[in-house]
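Subject: Structure handover

Hello,

Here is the structure for you to take over. Please open it first, then read the notes below.

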Amino acid sequence: TIPDDAGNDKDPLVILMAPMLKLNVSSWERTALQCLAFLTPTAELIPSSATDASKQYRDEIKRNECETDQLTVSGGKLRVASALTCVDITWKLRDNFQAISNPYLLLIAEEDVVVNNEGAEEFYDASCSSDKTIKKYPALHGLLCEPPPLFDQIREDILEWVNERVVA
């Protein structure tokens, strides 16, 4: 919790945009991934739609910015250690869905091919937060990389949600 101006403790606000909260990875696959990550963590072996910018960003200008960013993973495959990190974080989060009490805004991209939206919906149903909001958009994974007017709507929804909780 964080004290507000009046000294009252408040939980931090959380905005989840197209979160990766569910992966279809078995225990056996996770163990194999752990072994591979130990032996060759930087090998680009894991096929993934997450590295294809055309499946993530509809706005061509923003897609180009992402494709030319030196920190962006590209090439169609994830590094083994990166894939294992995604799996481990997802598993740990799923074990704690019911403990999340922070106020949160959950934004779901209905045309997402990068993450499984079932995980986000399960999170929404399982969390104990008394202040949770879910919004769905006809968008790709990169919600803020949609062209107007959808981008404008997403931005407005975020600002409205934050302002309702901060400006009081």
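Helices (H or I, at least four residues) and strands (E, at least two) are DSSP runs, numbered from the N terminus. Asp88, for example, is found in helix α3.

The model is predicted, so local features need pLDDT of at least 70, side-chain atom pairs count only at pLDDT 80 or more, and totals for chains, interfaces and linings use all residues. Residues are numbered from 1 along each chain as its sequence is written, and side-chain values use heavy atoms, with hydrogens and water left out.

**Overall layout**

The protein chain has 5 helices and 7 strands. Along the sequence, their pattern is β-β-β-α-β-α-β-α-β-α-β-α. The chain holds 168 residues, and 33% of them are buried. Buried means under 20% relative accessible area, exposed means over 50%, and partly exposed is in between (1.4 Å probe, protein chains only).

The protein chain exposes about 10200 Å². Carbon and sulfur atoms supply 54% of that area. Accessible areas come from the Shrake-Rupley method with a 1.4 Å probe; for residues, only the protein chains shown count as cover.

A contact means heavy atoms within 4.5 Å. Take the contacts between residues at least 6 apart in sequence: 78% of them join residues at least 24 apart.

**The nonpolar core**

Which residues make up the largest nonpolar core? There are 11 in all: Ala18, Leu105, Leu107, Ala109, Tyr137, Ala139, Leu143, Leu150, Ile154, Ile158 and Trp161. Two elements give two or more residues to this core, β6 (104–109) and α5 (150–166). Helix α5 gives the most, with 4 residues. A nonpolar core here is a set of buried Ala, Val, Leu, Ile, Met, Phe, Trp, Tyr and Cys residues joined through side-chain atoms within 4.5 Å. In soluble globular proteins, nonpolar side chains tend to be buried together.

Leaving out residues up to four places away in sequence, Leu107 touches Ile15, Leu16, Met17, Ala18, Pro19, Lys135, Tyr137, Leu143, Ile154 and Ile158.

**Aromatic rings**

The structure holds 3 aromatic pairs. Rings of Phe, Tyr and Trp (its six-membered ring) pair if their centres lie within 6.5 Å; planes under 30 degrees apart count as stacked, over 60 as edge-to-face and the rest as tilted.

Phe97 and Phe123 are edge-to-face, because their ring centres are 5.2 Å apart and their planes stand at 75 degrees. Phe97 is in the loop between α3 (80–94) and β6, while Phe123 is in helix α4 (residues 117–126), 26 residues apart. Both residues are buried.

Tyr104 and Phe123 also pair, and this pair is tilted: 4.8 Å centre to centre, with 40 degrees between the planes. Tyr104 lies in strand β6 and Phe123 in helix α4, so the pair ties together parts that are 19 residues apart in sequence. Tyr104 is buried too. Phe97, Tyr104, Phe123 and Tyr124 form one aromatic cluster.

Two lysines sit over rings. The charged end of Lys62 is over Phe151, 3.7 Å from the ring centre. The charged end of Lys132 is over Tyr124, 5.0 Å from the ring centre. The rule is that NZ of Lys or CZ of Arg is within 6 Å of the ring centre and within 35 degrees of the ring normal.

**Backbone points to check**

Most residues other than glycine have a negative phi, and most peptide bonds are trans. Pro148 and Pro149 are joined by a cis peptide bond, with omega about 5 degrees. Pro149 is in the loop between β7 (132–137) and α5.

Ala18 has a positive phi, near 50 degrees. Ala18 lies in the loop between β3 (14–17) and α1 (27–39). Its relative accessibility is 4%, so Ala18 counts as buried.

**Two more residues**

Is Asp88 buried or exposed? Asp88 counts as buried because its relative accessibility is 18%. Its side chain makes a polar contact with the side chain of Arg30, at 2.8 Å. A polar contact is a pair of N or O atoms within 3.5 Å; within protein, one must be able to donate a hydrogen and the other to accept it, and residues adjacent in sequence count only if both atoms are side-chain atoms.

Leu45 lies in strand β4 (residues 44–47). At 44% relative accessibility, Leu45 counts as partly exposed. Leu45 and Arg79 are 34 residues apart in sequence and 6.2 Å apart in space, C-alpha to C-alpha.

Best wishes
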